[in-house]
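Subject: Structure handover

Hi,

Here is the structure for you to pick up. My notes on it follow below.

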Amino acid sequence: MKLTYDVNARLGKDLSVKQNLIFALQQMIAIMAATLLVPILITSYGLEADPAAALFGAGVGTIVYILCTQRKSPVFLGSSFTFLGAYATTVGMNYGYWGIILGVLFAGLVYVLIALIIKLVGSKWVNKLMPAVIIGPIVALIGLSLSGTATGWLMGNGAAEVEYGTTYNWISIICGLFTFFAIVFISVKGSKNLKLIPFVIGVGAGYALALVFTLIGKIAGSQYLQVLSFDSFKEAFSPFGVTSIVDYPKFFFLKAIQEKGFAKIDGAMIGNLLLIYVPIAVVELAQHISDHKNLGNIIGKDLITDPGLDKTLLGDGLGSIAGSFFGGCANTTYGESIGCVAITGNASIVTIFFAALGCIILSFFTPFVAIINSIPKCVMGGACIALYGFIAVSGLQMLKNVDLGDNKNLFVVSAILVTGIGGMYFGFGFSPVQEGAPLLNITSLAVALIVGILTNLLTHSGKDKVKDDDVMSKATDTMKDAFKEGE
């Protein structure tokens, strides 16, 4: 697909500093809500995880990833949701802060080990094991699996459960859809420069509308209209002091050093943490490959071969370790970031670096963190309709030249979509924290990939009627052109 700015776009030559700061802000807005939500969820389990520290860890992890991938893979690493069950189990087993840090360390080292193996044996097996007929629906599933989050945020403004008559909110829906339509309008009808920052404008417009409704609600005494919370500002500025302007993030490793009364690090603890975290890292390999296949397709380069799967895995693994050490959250490549690259056509690695550096710097500025935390979930839900939808459609586009009239291919795609959308998972053992929950949960995405690979091997449909590389290279061109021209 045609990019406005490619991976190697240079600062000062292709991009001005002012332009790049705006583009970086857009990337930050795209990944911010999810990145900050994970530490909030960890806090609900019983440990204090600072969102600002998670933001700092995501920035550091992304820079580590950029260096490991030789500045060739333009994607941001944010807090991973996949490990939430592991975090809850770790807290329930009284392993505390060190338990999470060590657990993510083990998971990261699995990536490093796999990277070393791939360095020795090569990565050609990836294309043979996972052709377009498999990767296409898997990428689509990544977007579709996130769709519930987007619509849930739209309808209930971030409520744990959306119930009609209670948490279901039409004001939330209006603000979310207004955000989405603003993004679409700017992307399709805006000027050349505005088309590069549709999320900045869309989220800003949605925030402004939510603020208007909230102020009216406060004047009228209607809680229903108040979809924007000022709690983050109250926490930051009441009482007002130096920390209301500048404050250091409450790093996770400092919490671990100060921690008292948790289980001692011994053989049993190490063994349990390995059992909990290592399998997650193994099954996450599927999403890692899918994300990089999708991103490579968007930027017109095969990232599996250049810089190489070994380097992307190394960057992802070390980035996760850094993220957990500073913020308590393992990091992963973000679909929101990939969607942002695809829709705007800006794949500049300089933009990703500025976004990472911005997250690190701004994690020390209390007002910025307060503003980001105040963005209503319904507004972010509207933005995510575009982001997650683009991921899903780009996956389906990979099937454009795959003959689905051939049962060999049809069975593979059918198996992946049904098991993935249906939410089939593999559970093992019993969680000590949540009754009836498995100790180890292999996610539906990983199960869909496993079933798809087995089906593909059974039907011997590893080769499509067109080359997989051709399918991958053409995957999002038609959709991108249509998105730009409004067709």
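**Around helix α2**

Q70 sits in the loop between α2 and β1 (77-79). The helix and strand names come from DSSP runs, numbered from the N terminus: helices are H or I with at least four residues, strands are E with at least two.

Before going on, some ground rules. This is a predicted model, where local features need pLDDT of at least 70 and side-chain atom pairs count only at pLDDT 80 or more, while totals for chains, interfaces and linings use all residues. Residues are numbered from 1 along each chain as its sequence is written, and side-chain values use heavy atoms, with hydrogens and water left out.

Back to Q70. Its phi is positive, about 55 degrees, although Q70 is not a glycine. Most residues other than glycine have a negative phi. Q70 is partly exposed, with a relative accessible area of 37%. The classes are these: buried is under 20% relative accessible area, exposed is over 50%, and partly exposed is in between (1.4 Å probe, protein chains only).

Helix α2 itself covers residues 51-68. Its 18 residues should span 26 Å at 1.5 Å a residue, and the end C-alpha atoms are 25 Å apart, which agrees. The expected span is 1.5 Å times one less than the number of residues. Of the 18 residues, 16 are buried, so α2 is largely enclosed by the rest of the structure.

**Another positive phi**

N157 also has a positive phi of about 55 degrees and is not a glycine. It lies in the loop between α6 (132-156) and α7 (170-189). N157 counts as partly exposed, at 22% relative accessibility.

**Two cis peptide bonds**

Most peptide bonds are trans. A cis bond joins S238 and P239, with omega about 0 degrees. P239 is in the loop between α9 (231-237) and α10 (252-258). A cis bond also joins D306 and P307, with omega about 15 degrees. P307 is placed in helix α12, residues 304-327.

S374 belongs to helix α15, residues 366-374. Is S374 buried or exposed? It is buried, with a relative accessible area of 3%. Which residues does S374 touch, leaving out those up to four places away in sequence? They are Y207, L228, S229, S232 and F233. Contact here means heavy atoms within 4.5 Å.

With Y207 there is a side-chain to side-chain polar contact at 2.8 Å. A polar contact is a pair of N or O atoms within 3.5 Å; within protein, one must be able to donate a hydrogen and the other to accept it, and residues adjacent in sequence count only if both atoms are side-chain atoms.

Best wishes
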